[in-house]
Amino acid sequence: LLYQNKIVKIVLIGYMGSGKSTIGKLLSQKRNLEFIDLDDYIGQAEKMSVSDIFKNKGELYFRKKEYEYLNEVLAQNDNFILSTGGGTPCYGNNMQAMLEKTENTFYLKVSIPQLAKRLLKEKDERPLVRNIPKEELPEFIGKHLFERSYFYNQANKVISCDGKDPQEIVTEMESILI
Ligand code: S3P
């Protein structure tokens, strides 16, 4: 297959809780490609977790670093699967930068009720939803997703993830990898 002879850069985008890290890890194992989680990468480079960066330095500082490290990763002349943060495509020219470096940008699309269900379980690690009351979460996600969809929909491929297990999603992605 062609992909074995050329550099493969795969970028996963999508809302918080859409499964970017889970799917990215699975696909990287299956394809034997390096997996990079942008939030972890930022956390290691800054020696501080993303939630502590938000708390101690503020979101603006985080977005600046996110931009810098995204471009550092994209510039790698090697195979990788990158899972981004939910906001990554939505700031500066990040989306453009991703589209310029690869034709394998995937938007993992998940419905609002499904996102709400998942985020409810992992709310505390996510600075942007931590303080949203449980009953307001679906409405918050709906508005936020509406704003962000403009960017997410610029992905090369949109994968509808509802009702599919991770293996199925990975298989679907493999069938359309360039
Ligand atoms: C964010 C999503 C987070 C993380 C930060 C901001 C966002 O990543 O980058 O908390 O703006 O949606 P996940 O999508 O992995 O939760």
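A salt bridge is counted here where a side-chain nitrogen of Lys or Arg lies within 4 Å of a carboxyl oxygen of Asp or Glu. The structure is a predicted model, and under the same rule its salt bridges number nine.

## Salt bridges

| Pair | Closest N to O distance |
|---|---|
| Glu68 and Lys65 | 3.2 Å |

Helix α3, spanning residues 50-57, contains both Lys55 and Asp52. The two positions are three residues apart, which corresponds to about one turn of the helix. Lys55 is exposed, its relative accessible area being 60%, whereas Asp52 is partly exposed at 27% relative accessibility.

The pair formed by Glu68 and Lys65 belongs to helix α4, which covers residues 59-74. Here too the spacing is three residues, about one turn of the helix. Glu68 is partly exposed, with a relative accessibility of 33%. Lys65 has a relative accessibility of 13% and therefore counts as buried, the limit for that class being under 20%.

Glu174 is buried, with a relative accessible area of 15%. Through salt bridges with shared partners, Lys30, Arg31 and Glu174 are joined into one network.

## Cysteines

How many disulfides does the model contain? The count is zero. A disulfide is a covalent bond that links the sulfur atoms of two cysteines. For Cys90, the closest cysteine sulfur belongs to Cys161 and lies 16 Å away, which is too far for a bond. The cut-off applied is 2.5 Å between the sulfur atoms. Cys161 is likewise in no disulfide, as the nearest cysteine sulfur is that of Cys90, at 16 Å.

Are these cysteines buried or exposed? Cys90 is buried, with a relative accessible area of 15%. Cys161 also counts as buried, at 2% relative accessibility.

Key: Residues numbered from 1 in each chain as written. Predicted model: local features only at pLDDT ≥ 70, side-chain atom pairs only at ≥ 80, totals over all residues. Heavy atoms only, no water. Buried < 20%, exposed > 50% of the residue type's maximum accessible area, 1.4 Å probe, protein only. Helix = DSSP H or I, 4+ residues; strand = E, 2+ residues; numbered from the N terminus.
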